[in-house]
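Here's a quick tour of a protein model, meant to be read with the structure open beside you. Take your time and find each spot as it comes up.

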Amino acid sequence: MFHRRLSYAKTIGNLVNQGQNSQAIALFRLVRENGFEVTEFLLSAILRACGRVSALKQGKQLHCMAIKHGFNHDTILMTSLLDLYCKCNEIKDARKVFDEMPQRDVIANNCMISGLCWSRLTLEAIGLFNNMSKRDVGSWNSLISGLAQNSEGRAGLALFEEMRVEGAEVDVLTMVSVVSICADLAALRNGREVHCLVMKYGFELYLPVGNAVVDMYAKCGCMENAWLCFRSMPMKNVVSWTALIAGYGKQGQGVEALKAFDAMEIGGVWPNSITFLGALYACSHAGLVQEGWRIFNMMVSKYSIAPTMEHYTCMVDLLARSGCFNEAYSFIKRMPIKPDPKLLTAFLSSCYSYKKLELGKIVGKKLIESEPEEAGAYMLLSNFYGIVGDLASVAKVRRLMLDRGIRKEKASTWIEINKTVHSFQSGDRSHPLSEDMYSYLQHLFRKLKINGYVPNTSMVMQNVDEQTKEVIVLGHSEKLAIAFGLISTPPGTRILIVKNLRMCTDCHVVTGLISKIEGREIVARDSSRFHHFKDGLCSCGNHW
Ligand code: ZN
Ligand code: ZN
């Protein structure tokens, strides 16, 4: 009897160590039904398994069991329980366990830091981190990646700087987190520096680090570097290829993206749903209709991957962008799922640019019925009815937007200068150099207007006079970031900005003009793609 109990405990422990969590939990239940006693070791192992599969209800039962058996003084067991509550986002219970622990070692503290970040309580996580008498690399990693998850990448970078000043040990996870932050922020100088560190420590041999570096260069608009890093990776998986393919796609380099896709297939790597999305996206932004069909059909028939709404949206976007409206429309009608607002918005956007007014009216009606939640859809509808001359519908759309409580997401644009990321919102005057930025822009506007530029204020939804609208447009976040970039860098330096939403039409026109007047290459990454401005022209061909 005693031996059998031991062997069960061992088997369960092994299952947990191998990551076979559900099997471990099932076996534990069986063992309990047969009346075997639990031990601290067994309970701790099973709690770890429950944490990994977010089995909260079972976790709570185990918690009661632990108290009943008086195991609640066991640090390892209570840390497993803490981890479970954190992973299930039960921060109240997590905190209770944490506070009642007789001793809290580094692991328990790290666990709590992650849990607080998952529950978006980053300030508390920072407080806990600062109060720790002893930290290990896991403590830094928990906080850095936790900040990144909460879109506080800038704070994450600052923390990494601190980590280096303190001479703390870094590991592979630190590198993946920091490189990913640089990718999201397009913080190229930071990213380059971290890449040097990666090579210094020999971390580039680790697949996740290599993948993160490729992705970082791609998201900073440096495809040559992304390619060089990709090429030098000793091992590549589908994630590496997807980063490369999606990177080319967002730059509008469709042919390169497809070359990479084909090379991946020849190399025997199986593409997944995300790889196909990247490839379709690449076709759509390069107008490669036939190739798009080839990729789409290959996904369905060769790889048996069921298309999601995003794949369908990419196809509709590709067809409509290329002017194949009938094909796009019949594709939508054949779709086995009901088109969502994003798909319809993409379609209407092309109807708008191609002035396909009759079809646009049909799609516009469907779009309103689908109750979109994004302000962009309403702005597009309102602009569309504007050019059709249907002022009653313009008013209706604006009223609908108000009634449905849809608000424009706050636009923000950021730029990295001297390793610091500066972020701007529309009409922002909080930056120390904002006087200089505004006077640069006002001067520029005067100069452009003399040469025939007319500010496009159609995206301003507020009910104000034209002059006020122009002031609003002048203070758009992307213009502020560019102005800041221009006055803070030597002539000729390439400027890279990132916007959280799509770039607006007026900012697009003005950025093109700035690139010509100032002789600067300006790269703008928006929520959809990259715009490379040079000599007054943009790589997107004015359609995005
Ligand atoms: Zn703008
Ligand atoms: Zn563009």
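Which element gives the most to the lining of the largest cavity? That's α10, with four residues. Before going on, note that this is a predicted model, where local features need pLDDT of at least 70 and side-chain atom pairs count only at pLDDT 80 or more, while totals for chains, interfaces and linings use all residues. Residues are numbered from 1 along each chain as its sequence is written, chains are lettered from A and ligands numbered from 1 in the order in which they are written, and side-chain values use heavy atoms, with hydrogens and water left out.

**The cavity**

- The structure holds one cavity of 30 Å³ or more; a cavity is a set of points, on a 1 Å grid over the protein atoms alone, where a 1.4 Å probe fits but cannot get out.
- Its volume comes to about 60 Å³, taken as the space filled by probe spheres set on the points, with grid points joined across faces, edges and corners.
- The elements that give two or more residues to the lining of this largest cavity are α10 (153–165) and α12 (188–201); helices (H or I, at least four residues) and strands (E, at least two) are DSSP runs, numbered from the N terminus.
- Lining residues have an atom within 4 Å of a point, and here they are Leu157, Phe160, Glu161, Arg164, Val178, Asn190, Glu193, Val194 and Lys419.
- Sorted by class, you get four nonpolar, one polar and four charged residues in that lining (Ala, Val, Leu, Ile, Met, Phe, Trp, Tyr, Cys and Pro count as nonpolar, Asp, Glu, Lys and Arg as charged, and the others, Gly among them, as polar).

**The sheet**

- Six strands make an open sheet with mixed pairing, in the order β2-β1-β3-β4-β5-β6; two strands pair if DSSP finds at least two bridges between them.
- β2 (420–425) and β6 sit at the edges with a single partner strand each, so one side of each has no neighbour in the sheet.
- β4 (residues 522–525) pairs with β5 in the antiparallel sense over four bridges, and a hairpin of four residues joins them.
- Ala524 has His531 in β5 as its bridge partner.
- β5 also pairs with β6 (residues 537–538), antiparallel over two bridges.
- Along that pairing, Lys534 has Leu537 as its bridge partner, and Phe533 stands opposite Cys538.
- The hairpin of β5 and β6 has two residues between the strands, and Asp535 there takes a positive phi near 45 degrees.
- Why is β5 (residues 530–534) largely enclosed by the rest of the structure? Four of its five residues are buried (under 20% relative accessible area, with exposed over 50% and partly exposed in between, using a 1.4 Å probe and protein chains only).

**The cysteines**

- How many disulfides does a search of the whole structure find? The count is zero, with a disulfide taken as a pair of cysteine sulfur atoms within 2.5 Å.
- For Cys86, the closest cysteine sulfur is in Cys111 at 4.5 Å, which is too far for a bond.
- Cys86 is buried at 1% relative accessibility, and Cys507 is buried too, at 0%.

**Asp506**

- Look for Asp506 in helix α28 (residues 505–517).
- Asp506 is buried, at 1% relative accessibility.
- Leaving out residues up to four places away in sequence, Asp506 touches Phe445, Tyr453, Val454, Pro455, Asn456, Met459, Val473 and Lys479; contact means heavy atoms within 4.5 Å.
- Asp506 and Ala411 are 95 residues apart along the chain, and their C-alpha atoms are separated by 14 Å.

Terms used:
On a 1 Å grid over the protein atoms alone, a cavity is a set of points where a 1.4 Å probe fits but cannot get out, and a pocket is an open set with protein on both sides within 12 Å along at least five of seven lines; lining residues have an atom within 4 Å of a point.
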